[in-house]
Amino acid sequence: MVFSLLSSQDKRKALEESLVGYKDKRGCTRGLSDGTKSLVRLLTVLMLERVAFYCIFITIDEFTHYYLQFSFTSSTATSLAFSGSVFLLAPLVGLLTDRKTGFIPSLIAAFVFYVTGSGLLLYAAAQTVANSDKTTDTSLGSVTAVYLIGLIVVTVSAAAVRAALIPCMVEQL
(Lines give C-alpha, C1' and ligand atoms only; values in the text may rest on other atoms or scores of the structure.)
Protein backbone atom coordinates (compact mmCIF):
# COMPACT_ATOMS: atom_id res chain seq x y z
CA MET A 1 0.00 0.00 0.00
CA VAL A 2 2.71 2.47 0.97
CA PHE A 3 4.82 1.38 -2.00
CA SER A 4 2.00 2.31 -4.41
CA LEU A 5 1.83 5.85 -2.95
CA LEU A 6 5.45 6.58 -3.87
CA SER A 7 6.41 8.34 -7.08
CA SER A 8 7.92 6.29 -9.86
CA GLN A 9 11.39 7.70 -9.16
CA ASP A 10 11.11 6.80 -5.46
CA LYS A 11 9.88 3.32 -6.40
CA ARG A 12 12.84 2.83 -8.71
CA LYS A 13 15.26 4.04 -6.05
CA ALA A 14 13.72 1.77 -3.39
CA LEU A 15 13.85 -1.19 -5.76
CA GLU A 16 17.48 -0.50 -6.66
CA GLU A 17 18.43 -0.23 -2.99
CA SER A 18 16.66 -3.45 -2.08
CA LEU A 19 18.18 -5.45 -4.93
CA VAL A 20 21.62 -3.96 -5.36
CA GLY A 21 22.67 -2.53 -2.05
CA TYR A 22 23.10 0.90 -0.60
CA LYS A 23 24.98 3.98 -1.76
CA ASP A 24 27.55 5.68 0.38
CA LYS A 25 28.11 9.46 0.62
CA ARG A 26 29.95 9.55 -2.69
CA GLY A 27 27.16 7.64 -4.51
CA CYS A 28 29.09 4.39 -4.86
CA THR A 29 27.15 1.16 -4.47
CA ARG A 30 28.35 -0.89 -1.50
CA GLY A 31 27.54 -4.59 -1.37
CA LEU A 32 24.27 -6.44 -1.43
CA SER A 33 21.38 -5.56 0.83
CA ASP A 34 20.32 -7.96 3.58
CA GLY A 35 17.23 -8.97 1.61
CA THR A 36 19.27 -9.89 -1.44
CA LYS A 37 21.77 -11.86 0.65
CA SER A 38 18.92 -13.78 2.27
CA LEU A 39 17.37 -14.48 -1.12
CA VAL A 40 20.68 -15.74 -2.50
CA ARG A 41 21.13 -18.01 0.54
CA LEU A 42 17.60 -19.36 0.21
CA LEU A 43 17.96 -20.06 -3.49
CA THR A 44 21.34 -21.73 -2.93
CA VAL A 45 19.91 -24.00 -0.21
CA LEU A 46 16.93 -24.89 -2.39
CA MET A 47 19.20 -25.60 -5.36
CA LEU A 48 21.44 -27.88 -3.28
CA GLU A 49 18.35 -29.61 -1.88
CA ARG A 50 17.12 -30.24 -5.43
CA VAL A 51 20.49 -31.68 -6.49
CA ALA A 52 20.50 -34.04 -3.50
CA PHE A 53 16.88 -34.97 -4.15
CA TYR A 54 17.53 -35.81 -7.81
CA CYS A 55 20.57 -37.88 -6.85
CA ILE A 56 18.41 -39.86 -4.41
CA PHE A 57 15.73 -40.24 -7.09
CA ILE A 58 18.26 -41.66 -9.57
CA THR A 59 19.81 -43.93 -6.93
CA ILE A 60 16.41 -45.38 -6.01
CA ASP A 61 15.64 -45.98 -9.67
CA GLU A 62 18.97 -47.67 -10.39
CA PHE A 63 19.02 -49.78 -7.19
CA THR A 64 15.50 -51.09 -7.62
CA HIS A 65 16.08 -51.96 -11.27
CA TYR A 66 19.55 -53.49 -11.23
CA TYR A 67 19.72 -55.06 -7.78
CA LEU A 68 16.12 -55.83 -6.85
CA GLN A 69 15.23 -56.80 -10.45
CA PHE A 70 12.28 -54.42 -10.75
CA SER A 71 11.20 -53.61 -14.28
CA PHE A 72 11.99 -50.14 -15.58
CA THR A 73 8.34 -49.20 -15.09
CA SER A 74 8.22 -50.48 -11.50
CA SER A 75 11.51 -48.87 -10.52
CA THR A 76 10.41 -45.54 -11.97
CA ALA A 77 7.05 -45.84 -10.21
CA THR A 78 8.88 -46.48 -6.92
CA SER A 79 11.04 -43.40 -7.43
CA LEU A 80 8.04 -41.28 -8.37
CA ALA A 81 6.08 -42.50 -5.35
CA PHE A 82 9.00 -41.52 -3.12
CA SER A 83 9.39 -38.06 -4.65
CA GLY A 84 5.67 -37.34 -4.72
CA SER A 85 5.05 -38.51 -1.18
CA VAL A 86 7.88 -36.36 0.21
CA PHE A 87 6.13 -33.28 -1.16
CA LEU A 88 2.57 -34.41 -0.43
CA LEU A 89 3.29 -35.59 3.11
CA ALA A 90 5.09 -32.38 4.12
CA PRO A 91 1.91 -30.33 4.80
CA LEU A 92 0.28 -33.21 6.69
CA VAL A 93 3.36 -33.89 8.79
CA GLY A 94 3.77 -30.14 9.33
CA LEU A 95 0.19 -29.90 10.58
CA LEU A 96 0.69 -32.83 12.96
CA THR A 97 3.97 -31.49 14.32
CA ASP A 98 2.52 -28.00 14.79
CA ARG A 99 -0.53 -29.35 16.63
CA LYS A 100 1.04 -32.11 18.71
CA THR A 101 4.74 -31.37 19.13
CA GLY A 102 7.09 -28.45 18.73
CA PHE A 103 9.92 -27.64 16.38
CA ILE A 104 12.75 -29.38 18.25
CA PRO A 105 10.83 -32.59 19.19
CA SER A 106 9.67 -32.96 15.59
CA LEU A 107 13.24 -32.63 14.29
CA ILE A 108 14.44 -35.19 16.85
CA ALA A 109 11.67 -37.60 15.80
CA ALA A 110 12.53 -37.01 12.14
CA PHE A 111 16.19 -37.77 12.89
CA VAL A 112 15.23 -41.02 14.64
CA PHE A 113 13.00 -42.00 11.72
CA TYR A 114 15.74 -41.09 9.26
CA VAL A 115 18.39 -43.16 11.05
CA THR A 116 15.99 -46.11 11.32
CA GLY A 117 15.02 -45.91 7.66
CA SER A 118 18.63 -45.51 6.58
CA GLY A 119 19.56 -48.56 8.65
CA LEU A 120 16.84 -50.58 6.93
CA LEU A 121 18.05 -49.40 3.52
CA LEU A 122 21.63 -50.27 4.43
CA TYR A 123 20.53 -53.73 5.61
CA ALA A 124 18.64 -54.29 2.34
CA ALA A 125 21.68 -53.20 0.32
CA ALA A 126 23.99 -55.48 2.33
CA GLN A 127 21.63 -58.43 1.86
CA THR A 128 21.43 -57.71 -1.85
CA VAL A 129 25.21 -57.74 -2.16
CA ALA A 130 25.40 -60.93 -0.09
CA ASN A 131 22.76 -62.54 -2.32
CA SER A 132 24.69 -61.58 -5.45
CA ASP A 133 27.75 -63.38 -4.03
CA LYS A 134 25.54 -66.37 -3.11
CA THR A 135 26.91 -66.35 0.45
CA THR A 136 23.47 -66.19 2.07
CA ASP A 137 20.07 -67.59 1.23
CA THR A 138 17.86 -64.56 1.86
CA SER A 139 14.99 -64.37 -0.57
CA LEU A 140 14.76 -61.35 -2.79
CA GLY A 141 11.15 -60.78 -1.66
CA SER A 142 12.15 -60.23 1.97
CA VAL A 143 14.98 -57.91 0.94
CA THR A 144 12.55 -55.96 -1.23
CA ALA A 145 10.10 -55.69 1.67
CA VAL A 146 12.81 -54.39 4.02
CA TYR A 147 13.92 -51.93 1.33
CA LEU A 148 10.42 -50.59 0.73
CA ILE A 149 9.72 -50.25 4.47
CA GLY A 150 13.00 -48.38 4.89
CA LEU A 151 12.10 -46.14 1.96
CA ILE A 152 8.71 -45.35 3.51
CA VAL A 153 10.32 -44.48 6.86
CA VAL A 154 12.89 -42.23 5.14
CA THR A 155 10.06 -40.59 3.18
CA VAL A 156 8.17 -39.71 6.37
CA SER A 157 11.33 -38.33 7.98
CA ALA A 158 12.19 -36.27 4.88
CA ALA A 159 8.66 -34.85 4.87
CA ALA A 160 8.98 -33.95 8.55
CA VAL A 161 12.28 -32.16 8.02
CA ARG A 162 10.90 -30.37 4.97
CA ALA A 163 7.81 -29.27 6.89
CA ALA A 164 9.90 -27.99 9.79
CA LEU A 165 12.68 -26.23 7.91
CA ILE A 166 11.01 -24.53 4.97
CA PRO A 167 8.98 -22.11 7.14
CA CYS A 168 12.21 -21.26 8.97
CA MET A 169 13.94 -20.44 5.70
CA VAL A 170 11.04 -18.27 4.60
CA GLU A 171 11.15 -16.38 7.91
CA GLN A 172 14.76 -15.46 7.18
CA LEU A 173 13.66 -13.35 4.22
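Predicted model: local features only at pLDDT ≥ 70, side-chain atom pairs only at ≥ 80, totals over all residues.
Trainee: In what order do the elements of the chain run from the N terminus on?
Mentor: They run α-α-β-β-α-α-α-α, which comes to 6 helices and 2 strands. Helices (H or I, at least four residues) and strands (E, at least two) are DSSP runs, numbered from the N terminus.
Trainee: Which residues make up the largest nonpolar core?
Mentor: There are 12 in all, among them Phe 53, Phe 82, Ala 124 and Val 154. Such a core is a set of buried Ala, Val, Leu, Ile, Met, Phe, Trp, Tyr and Cys residues joined through side-chain atoms within 4.5 Å. Helices H3 (34-66), H4 (72-100) and H6 (140-171) each give two or more residues, and H6 has the largest share, with 4.
Trainee: And what does Val 154 contact?
Mentor: Beyond its neighbours within four places in sequence, Val 154 touches Phe 82, Tyr 114, Gly 117, Ser 118 and Leu 121 (contact means heavy atoms within 4.5 Å).
Trainee: Switching to Phe 103, where is it?
Mentor: Phe 103 is in helix H5, residues 103-132. It counts as partly exposed because its relative accessibility is 36%; buried means under 20%, exposed over 50%, partly exposed in between (1.4 Å probe, protein chains only).
Trainee: How much of the chain is buried?
Mentor: Buried residues are 27% of the 173.

Methods: Residues numbered from 1 in each chain as written. Heavy atoms only, no water.
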